Amino acid sequence: QEKLKTARNIPDVILLDISMPVMDGYETASWLKQEHPEIRVLTLSMQNDDQSLIRMVKQGAKGYLLKNVEPDELVLAIRQVMEKGFYFPEWAASRVFMNLGNDALADPLHTFKFSDRELEFLQYCCTEMTYKEMAAQMFCSPRTVEGYRDALFDKLNLSFVSYLAVDNF
């Protein structure tokens, strides 16, 4: 915290471990979300459980990788977080979606009611597909895909500023 408070140059992306002394990754991510929302957090951890993943996402992490990640994927993740605003490998994205309705996690996301089409749209968001490609897969127009996006933004209280992949056309 102190280094960021006095830093002349603020980083665009921070690689953050969950297990750290003094302030753990959850607390750090939460603090960053409050004090420096422009900094994107990419979690790099050995913790491979659903609760750690979901908790970091709740704290504002824009990506989650395991420490045994291949260097090429780490570089890709950093680029994707910078360009699109997020990066979750397929295993992480599927866990997040599977747990959206899981009461055992006591996650506030479970209170949202997502339609099947909105969930389908969310799954495509975790790929590198454009909205036009999503529309083709979903057998609808790109404008309809935008409607799913807008509905999810409303339900999740997101803005276009916090979702950096709007240039996904």
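Among contacts in the chain between residues at least 6 apart in sequence, 59% join residues at least 24 apart, where contact means heavy atoms within 4.5 Å. The model is a predicted one, in which local features need pLDDT of at least 70 and side-chain atom pairs count only at pLDDT 80 or more, while totals for chains, interfaces and linings use all residues. Residues are numbered from 1 along each chain as its sequence is written, and side-chain values use heavy atoms, with hydrogens and water left out.

The chain contains eight helices and three strands; helices (H or I, at least four residues) and strands (E, at least two) are DSSP runs, numbered from the N terminus. From that terminus the order is α-β-α-β-α-β-α-α-α-α-α. The chain has 169 residues, and 41% of them count as buried. Buried means under 20% relative accessible area, exposed over 50%, and partly exposed in between, with a 1.4 Å probe and protein chains only.

I turn now to the interior. In soluble globular proteins, nonpolar side chains tend to be buried together. A nonpolar core is here a set of buried Ala, Val, Leu, Ile, Met, Phe, Trp, Tyr and Cys residues joined through side-chain atoms within 4.5 Å. The largest such core has 35 residues, of which Leu32, Met56, Tyr64, Phe88, Phe121, Met134 and Val145 touch the most other members. At least two residues of this core come from each of β1 (13-16), α2 (25-35), α3 (50-58), β3 (61-66), α5 (90-98), α6 (116-125), α7 (131-138) and α8 (142-156). Apart from it lies another core, of eight residues, including Val13, Leu44, Leu65 and Ala77. If residues up to four places away in sequence are not counted, Val145 touches Phe121, Tyr131, Met134, Ala135, Met138 and Cys140.

Which residues of α6 are buried? They are Glu118, Phe121, Leu122, Tyr124 and Cys125. These residues lie on the same side of α6 because they cover an arc of only 160° around the axis, the arc being that of the directions from the helix axis to the C-beta atoms. Their cover includes α5, α7 and α8.

Glu118 deserves a separate word. Its relative accessibility is 6%, so Glu118 counts as buried. Leaving aside neighbours within four places in sequence, Glu118 is in contact with Lys113, Tyr148, Ala151, Leu152 and Lys155. Another glutamate, Glu27, is found in helix α2 and is partly exposed, with a relative accessible area of 42%. The C-alpha atoms of Glu27 and Met56 are separated by 9.5 Å, although these residues are 29 apart along the chain.

Next, a helix pair. α3 and α5 pack at an angle of about 85°, with their axes 10 Å apart. Axes are lines fitted to C-alpha atoms, for helices over the stretch in contact, and angles run from 0 to 180 degrees between N-to-C directions. That angle makes α3 roughly perpendicular to α5, a description used for 65 to 115 degrees. Asp50, Leu53, Ile54 and Val57 of α3 meet Ala92, Arg95 and Val96 of α5.

Finally, two loop residues. Val22, in the loop between β1 and α2, has a positive phi of about 70° although it is not a glycine. Val22 counts as exposed, at 90% relative accessibility. Phe139, in the loop between α7 and α8, also has a positive phi, near 55°, and is exposed at 77% relative accessibility.

Terms used:
Angles under 35 degrees count as roughly parallel, over 145 as roughly antiparallel, 65 to 115 as roughly perpendicular and the rest as oblique.
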